[in-house]
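Work through these exercises with the model open beside you. Try each task before you read its solution.

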Amino acid sequence: MTIVVNTPSRPLLPIVVRGCGLAVASLLLLFYLLAPVAWLASSSLQTGREIVSVPPHWIPDHPTLRNFKAIFSAIPGLGASEAPAPDGTNSGGFIPSTAGNLLPAMLNSLIVASIVVLLNLIVGVPAAYAIAKIRFRGRNLALYTVLATRVIPDIALVVPFFLVVRKLGLLDSLTSLIVTYLAITVPFSVFVLASTFEQLPDDLDRAARVDGCSRSQVLLRIFLPLARPALVAVGLFAFLASWNEFLLALMFTQTAASQTLPIIVAAFTSDFTVSFSFLNAAGVLAVLPPAILAVVFERYIVSGLTAGAVKG
Amino acid sequence: MARIRLQSVSKAYGGGQAAVTDLTLDIADREFVVLLGPSGCGKSTTLNMVAGLEEITRGTLLFDDEVMNHTPAHKRDVAMVFQSYALYPHKSVFENIAFGLRMRRVPEAELTRRVHDAAERLEITHLLQRRPSQLSGGQRQRVALGRAMVRQPAVFLMDEPLSNLDASLRIAMRAQIRHLHAEMRTTFLYVTHDQAEALTLADRIVLMRDGVVQQLGTPHDIYERPRNMFVAAFLGSPAINFLDGQLSTESDAPCFRRGELSITLPPGIAATATRDIVLGLRAEDVGPVQDGFPVLRGMVDTAMPTGSDQFLGLKVGGNDVFVRVGKDSAVREGETISLGLNPARLHVFDKASGLSLLHGHS
Amino acid sequence: MAAAVSGRYRLPHEERAALGLLAPLALVLMAVTLFPILYSLWISFYGLNLRRPNRMPFVGFDNYLSVLTNPQFLESVGRTAIFSVISVIAVSILALLAALLLNQEFPGRRILSACLLIPWAIPSVVNGLMWKWIYDANYGALNGALLQLGFIDAAMVWLGDANKTLGLIANAFVWKEVPLASVLLLVNLKAIPADLYAAARVDGAPAWRRFLHVTLPALRPGFMLVAVYEAMMAVRHFDLFFLLTEGGPGGASDVVAWRIYVETFRNLSFGTGAAMSYILAVATLLMSYGLIRALAQRV
């Protein structure tokens, strides 16, 4: 058998083939990931007339921001501002009178998500530290119980939640959302943070205590600074989960006072008189904050998930 | 500046395994006590209990005359150096050293002075602004020392601080630590598994095994008068030789018999001693044959010159016995030689219990 | 032999500290999660229907029995199973491909990584809206693309076609789940020591064999995690069914989650709704356990 040795000038073909292969694969993946979203964005920039053209215009001929303007300047009460399509198809084409609810709903989502993140950290960090660093009876049981609360499907919780919340008169308030979102996001936070803390050497904890730190001071001065990436990841997850949550918000909110973004968008979706372009514009607005957060903080998200996966 | 007393201290974990059983120890102020033993013997657990890092299950711990059982670690006046150094990765060397003082609200000027003094003493002043990740192992170890020194504590605890250093550095650091002890005039409690380290550093050694104290005494004491076979075997390098045999009486003197081998033993063995005994012989306790001394005869199996000494592996009645002879000894493998044994330097143990028949229980 | 604390029993410091640190978490979870779980269980033993709120007879296991013998419910279980199996398989394959690609070093990989998380990040409502628009029979992008590429001659009905519904919803579900699954597999991929590949190469194994004998086995824990997690998510998924088809057309996408919603919030029969929820919860637990056992045993 002859042994082939690479000549000093490295053979070009395998590199080129690999390069092409990677490029093609990358483009395919990119297309798979982004095409639907790109179409969403493109649709949002089209007029009510253009959007119902067949075949669809992939890139708008006359891109317009009027859908977005309608959202930002909608005064509740004013009706349609678009004529129906000339070919008589019942595509609606109206910008709904409830367009003005979108931004307040976004504000609600923002408030709820932010508070949930804060509470996640306040409740989750001490618990994670205790589970990771203090040897107490029932420590494993505690962690498994916390995780087990997430095995129950949300649907199963909705009914009792609904009854309790109604009895407490908290229907249609942000409080009920905040508390329930906290309960469904905190187990994962505790899990990720406990994994992270566990990886910090026990000796650090001991050294700090000998140096004069009480347990809570160890947490604040030593562990938290060292766990910053995990904290960012946990905050992000909690924020995204709260921002995106639909089922519970559907159950607990009834009026625009407390409705969050997904509810308003869903309302538009099931309204057949709404113009498709407007619908897509609402979608784009709902997508922008989480998408930007995901892209900017991608590294933290991945490392946070990594901590979970390694432990799991 | 503290006298530490442990009275019947025990530590057990939830599963029922006892890490330390009934430890009683009285450490005088400014004494250097070494906790020595193999892994899992409870020495680190004991250190942690003194530091307040582990709860004491039973018994009492006193600093001077104050019961410390329920005082948390951060309120005790102890400093500790860890095997892994445990430096704070996100702080500079200066901040690492200063941290304990900051937590105790030492005024800034005083704090800076003390840190710089310690840094000079340890020759790490040029490293003060660096991060731990930028330091070598030896440098980190000195920062860990500095962090503890600067606190001027009542008790100085060290948990195998030299284990992660390479051999030559370790020996140099031993001297440093002895100097440190002399300068700081503080009680030192030091944990190690290295018997040579214990012998060179300690005022007194506490040798532990499976949570129980085997012997407590000065290095000389423990080395020369081991209370049981474990202690005898643990100290000394190369390890002591053990030979099984029978106790018999010849001409009113106790005697060790093993096949053809008969060795007169030192007086003092209790008359009620059992017949199955073990003879302990250290490698260095052999010499040329002399009148009146018992003789050990064996065949040289291996000869290992080490430059300064020569070690011989002998076959004595089927057993391997390791002895040290002068480097000029011209013995060759396969030869049979005779060596003189000084009865005063022999150790005798009861085979069943492992306890010494010569050195009582103090 | 365990030694007791001398004198009166006092909770050791450690445990007291731990209790204090865990108290807020315990409080939140017990109040918000544990209590509803138990309350819901209690309701499932009663015939509670909000149309007749004053009557709440104790019915024992009747609710459970009537649910388990209800043909509509059983059919929905079947559909849920089909949906879940399709989804888990599709997610696993796509996530594997994506992870393999992202494990390579090439310029522009960072961009790909950043974009990877976008489907994961967007709200499920928007996901629903987006795909509903793509699947639209009149103006949707799917018809438009297929027509332009010449794969079909005339616009097709998608969501309205009972045969295609589950598959289409699964596609939307999978699209949003692939990023997370890819990351989980990527973590495993990155942990494979390069030495294993070197050894295989020295042994003369070509690329496809290395993949089969080094990569895939090392990915088993990752696949297990992905399979279990995605199965759990698929079985309980609600949002897309609500947004895209509302269980239609003609019940073609009537899955268990939708059944529970209808029973509870449209039929207002809380008792049977709760019973369904518990059946789903127990089934999920058993399924997860079973999957873990099955996948972990394939030595």
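**Exercise 1: Chain A at a glance**

Chain A has 13 helices and 0 strands. Helices (H or I, at least four residues) and strands (E, at least two) are DSSP runs, numbered from the N terminus. The model is predicted: local features need pLDDT of at least 70, side-chain atom pairs count only at pLDDT 80 or more, and totals for chains, interfaces and linings use all residues. Residues are numbered from 1 along each chain as its sequence is written, while chains are lettered from A and ligands numbered from 1 in the order in which they are written.

Task: state what share of chain A is buried, and what share of its contacts join residues at least 24 apart.

Solution. A residue is buried if 20 or more other C-beta atoms lie within 10 Å of its own, exposed if 12 or fewer, and partly exposed in between; C-beta atoms are placed from the backbone. Step 2: read the share. Of 312 residues in chain A, 49% are buried. Step 3: turn to contacts. Two residues are in contact if their C-beta atoms, placed from the backbone, lie within 7 Å. Take the contacts in chain A between residues at least 6 apart in sequence: 77% of them join residues at least 24 apart.

**Exercise 2: Two helices that cross**

Task: describe how helix 2 and helix 12 of chain A meet.

Solution. Step 1: find the angle. The axes of helix 2 (residues 66-73) and helix 12 (residues 276-296) of chain A come within 9 Å and cross at roughly 70°. Axes are lines fitted to C-alpha atoms, for helices over the stretch in contact, and angles run from 0 to 180 degrees between N-to-C directions. Step 2: name the angle. Helix 2 of chain A is therefore roughly perpendicular to helix 12 of chain A. The classes are: under 35 degrees roughly parallel, over 145 roughly antiparallel, 65 to 115 roughly perpendicular, the rest oblique. Step 3: list the residues. Helix 2 of chain A brings Asn67(A), Phe68(A), Ala70(A) and Ile71(A). They meet Ser277(A), Phe278(A), Ala281(A), Ala282(A) and Leu285(A) in helix 12 of chain A. Step 4: sort them. This contact of helix 2 with helix 12 of chain A has 7 nonpolar, 2 polar and no charged residues. Ala, Val, Leu, Ile, Met, Phe, Trp, Tyr, Cys and Pro count as nonpolar, Asp, Glu, Lys and Arg as charged, and the others, Gly among them, as polar.

**Exercise 3: Chain B and its neighbour**

Task: describe chain B, then its contact with chain A.

Solution. Step 1: count elements. Chain B has 8 helices and 20 strands. Step 2: check burial. Of its 362 residues, 41% are buried. Step 3: cross to chain A. There, 15 residues of chain A are in contact with 19 residues of chain B. Helix 7 of chain A gives the largest share of the chain A side, 6 residues. By class, that side has 8 nonpolar, 2 polar and 5 charged residues.

**Exercise 4: Chain C**

Task: is Arg51(C) buried or exposed?

Solution. Arg51(C) sits in the loop between helix 1 (13-43) and helix 2 (62-68) of chain C. Step 2: count neighbours. Arg51(C) is exposed because it has 8 C-beta neighbours inside 10 Å. Step 3: look across the chain. Arg51(C) and Phe270(C) are 219 residues apart in sequence, and 10.0 Å apart in space, C-alpha to C-alpha.
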